[in-house]
Amino acid sequence: MVSGFSEALLLEAERHAAWGAAQLDALTQFLPDGPWTADLPSCLYRQGRLELRVAVLGTYDMEERSWMWGWANPGLRGTDVVAPATAVERYGRAHGIPELTADVLALSGFDDPRRAAELLAFTGMGVAGAPGYIGVPAGPATQVYFLPDDTQVPRAALDPVALPRTLLTGAGLIGHAPRRVVAGYFDHHGVPQRAEGERIVAELPGGDAVEVAFDAHGRIAGISVRAGG
């Protein structure tokens, strides 16, 4: 699924994998059931009785099998509703990630183009630091992806008890660079960390320390949490 993307894009996606998976779960639990509507000039999204401020991250054309970033949409370019997507494009230029700077990406060469589009949305969410993304049908062949830009959306906290499962889940999403997954998760939570040979050691806020060991192939070999002294 990921072989058609650049190394730079894959490494960026991995940086957000564990944090992003946990955050998407928090968003899913927060969103109510019900139909959705959006007022793009006002940056407002409504689902059920909930109203959120959002941005348009991008759209996926199911017939063309292509992704268009929100900042490249001729009808939205330069408006407030694509400002976070524009920040993603700036980040892509600064860090040499071509998929974040191309107006439209052809995904027909992927085994699963829809999953490739989801990876782009996932990466954009992480770069923007948004608390998830919302993908909804905007027509018979179009999926639009919104970024919540609203403090109502809960942020997934770092839970030491769930930490091993969180890191392993994140490492399994893409499976390209587990070290990036682990380091990125701690970065998202502002947790100090250091590399010690084949381990990453992080100091958790409550005084505990977590050690993540990697095998010779770079895979997670063990995760242990030490109680603070």
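So, two helices to find first: α2, residues 17–30, and α5, residues 163–174, each supply at least two residues of the lining of the largest pocket. Keep in mind that this is a predicted model we're looking at.

Which helix gives the most to that lining? It's α2, with four residues. The pocket itself has a volume of about 220 Å³. Thirteen is the number to remember for the lining: of those 13 residues, the closest to the centre are Ala 22, Asp 25, Ala 162, Arg 165 and Thr 166. If you sort the lining by class, you get eight nonpolar, two polar and three charged residues.

Okay, and where does this pocket sit relative to the domains? Domain 1, residues 7–148, and domain 2, residues 162–226, both give residues to the lining, so the pocket lies between them.

A quick bit of background: you describe a pair of aromatic rings by the distance of the centres and the angle of the planes. Searching the whole structure turns up eight aromatic pairs. Let me walk you through a couple of them.

Take Trp 36 and Phe 146. Their centres are 5.7 Å apart with 70° between the planes, and that pair is edge-to-face. Now look at where they come from: Trp 36 is in strand β1, residues 36–39, while Phe 146 is in strand β7, residues 142–148, so this pair ties together parts that are 110 residues apart in sequence.

Are these two buried or exposed? Phe 146 has 1% relative accessibility, so it counts as buried. Trp 36 comes in at 25%, so that one counts as partly exposed.

Stay on Phe 146 for a second, please. Phe 146 also forms an aromatic pair with Tyr 45, and this one is tilted: 5.3 Å centre to centre, 55° between the planes. Tyr 45 belongs to strand β2, residues 44–47, and Phe 146 to β7, so here the pair ties together parts that are 101 residues apart in sequence. With a relative accessibility of 1%, Tyr 45 counts as buried.

One more thing to click on before I hand over. Which residues form one aromatic cluster? Those are Trp 67, Trp 69, Tyr 133 and Tyr 145.

So, to wrap up: a pocket that lies between domain 1 and domain 2, and Phe 146 forming aromatic pairs with Trp 36 and with Tyr 45.

Technical notes:
Residues are numbered from 1 along each chain as its sequence is written. This is a predicted model: local features need pLDDT of at least 70, side-chain atom pairs count only at pLDDT 80 or more; totals for chains, interfaces and linings use all residues. Side-chain values use heavy atoms; hydrogens and water are left out. Rings of Phe, Tyr and Trp (its six-membered ring) pair if their centres lie within 6.5 Å; planes under 30 degrees apart count as stacked, over 60 as edge-to-face and the rest as tilted. Buried means under 20% relative accessible area, exposed over 50%, partly exposed in between (1.4 Å probe, protein chains only). On a 1 Å grid over the protein atoms alone, a cavity is a set of points where a 1.4 Å probe fits but cannot get out, and a pocket is an open set with protein on both sides within 12 Å along at least five of seven lines; lining residues have an atom within 4 Å of a point. Grid points are joined across faces, edges and corners, and a volume is the space filled by probe spheres set on the points. Ala, Val, Leu, Ile, Met, Phe, Trp, Tyr, Cys and Pro count as nonpolar, Asp, Glu, Lys and Arg as charged, and the others, Gly among them, as polar. Domain bounds come from an automatic or database domain assignment.
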